[in-house]
Amino acid sequence: MALDETNGEKALKVAESVSDYIDAIKINWPLVLSEGPQMITRLSELTDVICDFKVADIPNTVKLIVENAVSRGASAVIVHAFTGDDSLKAAVEAAGDAEIFAVTEMSHPGGKMFTAKHAEEMARLGVECGVKGFIAPATRPERIADIRKIIGDLKILSPGVGAQGGKASDAINAGATYAIVGRAIYGSDDPRAAAKGFADDIRSVL
Ligand code: 3DU
């Protein structure tokens with residue numbers, strides 16, 4: 001679940017209510033900026049936390065951000081791959097036992113402008129640099145399949161399900177390991193029922 005709910009109390013309530021239907025919580029800037037980085041630690045007491053900071057910087061800054069996130073309880077950190085091999089390697093090294101996931105092609109329409117044109121290249125670079133997985137778009141399942149051909153057994157986490165129009169089972173069928181769902185769960189009137197619905201949809205194709 002992508003937990004972009006900016007009210008900390010509500011975010012924790014949703015997280016608790018869906019915890020048995022999800023594999024991890026992805027936390028992004030909206031919740032960290034409104035409620036502080038201690039949310040990483042609080043949520044990590046419930047389940048695995050993936051820090052979606054889309055880190056894109058020089059190696060030293062990447063290292064400082066990844067180390068900080070992991071020390072607060074993150075199990076994984078998402079970084080951009082366009083920064084090149086030195087920054088990607090710095091992320092992998094700083095993560096230690098935690099996982100680094102690299103963005104390939106972004107799921108929104110603008111993702112086609114630049115990221116799509118270099119997605120395969122970035123996937124190959126990520127493999128070389130030792131990342132544990134990739135972010136690829138559920139809004140374009142055929143692109144998940146393209147990335148899968150390059151990365152072997154590494155993980156693919158796929159955002160764009162629900163609010164952005166993608167379907168979790170289509171993403172899984174195309175080669176995704178996990179679907180990322182945000183607003184369609186935390187913004188729903190009944191987040192627990194919504195999470196169960198996505199879990200059922202995924203199980204139907206496993
Ligand atoms: O659209 P949703 O509400 O299900 O949220 C999707 C989340 O995944 C959100 O945190 C967004 O920042 C992140 N994400 C994408 O949507 C697309 C990407 O290519 C990468 C990350």
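At what angle do the axes of helix α5 and helix α6 cross? Hi everyone, let's start there, and please keep in mind that this is a predicted model.

Helix α5 covers residues 85-95 and helix α6 covers residues 115-129. Their axes cross at roughly 45 degrees and come within 9 Å. An angle between 35 and 65 degrees falls in the oblique class, so α5 and α6 are oblique to each other. The crossing is right-handed. If you'd like to find the contact on the screen, look on the α5 side for Asp85, Leu88, Lys89 and Val92. On the α6 side, the partners are Leu125, Gly126 and Cys129.

Which residues of α10 are buried? They are Pro191, Ala194, Ala195, Phe198, Ala199 and Asp201. These residues sit on the same side of α10, because they cover an arc of only 160 degrees around the axis.

And what do those buried residues pack against? Their neighbours are α1 (8-18), α8 (168-174) and α9 (183-186).

Let's take α1 from that list. The axes of α1 and α10 come within 9 Å, crossing at roughly 45 degrees, and that makes α1 oblique to α10. This crossing is right-handed. Val14, Ser17 and Val18 of α1 make the contact with Pro191, Arg192 and Ala195 of α10. Of these, Pro191 and Ala195 are also among the buried residues of α10.

Terms used: Residues are numbered from 1 along each chain as its sequence is written. This is a predicted model: local features need pLDDT of at least 70, side-chain atom pairs count only at pLDDT 80 or more; totals for chains, interfaces and linings use all residues. Side-chain values use heavy atoms; hydrogens and water are left out. Buried means under 20% relative accessible area, exposed over 50%, partly exposed in between (1.4 Å probe, protein chains only). Helices (H or I, at least four residues) and strands (E, at least two) are DSSP runs, numbered from the N terminus. The arc is that of the directions from the helix axis to the C-beta atoms. Contact means heavy atoms within 4.5 Å. Axes are lines fitted to C-alpha atoms, for helices over the stretch in contact, and angles run from 0 to 180 degrees between N-to-C directions. Angles under 35 degrees count as roughly parallel, over 145 as roughly antiparallel, 65 to 115 as roughly perpendicular and the rest as oblique. A crossing is left-handed if the near helix is turned anticlockwise from the far one by less than a right angle, and right-handed if clockwise.
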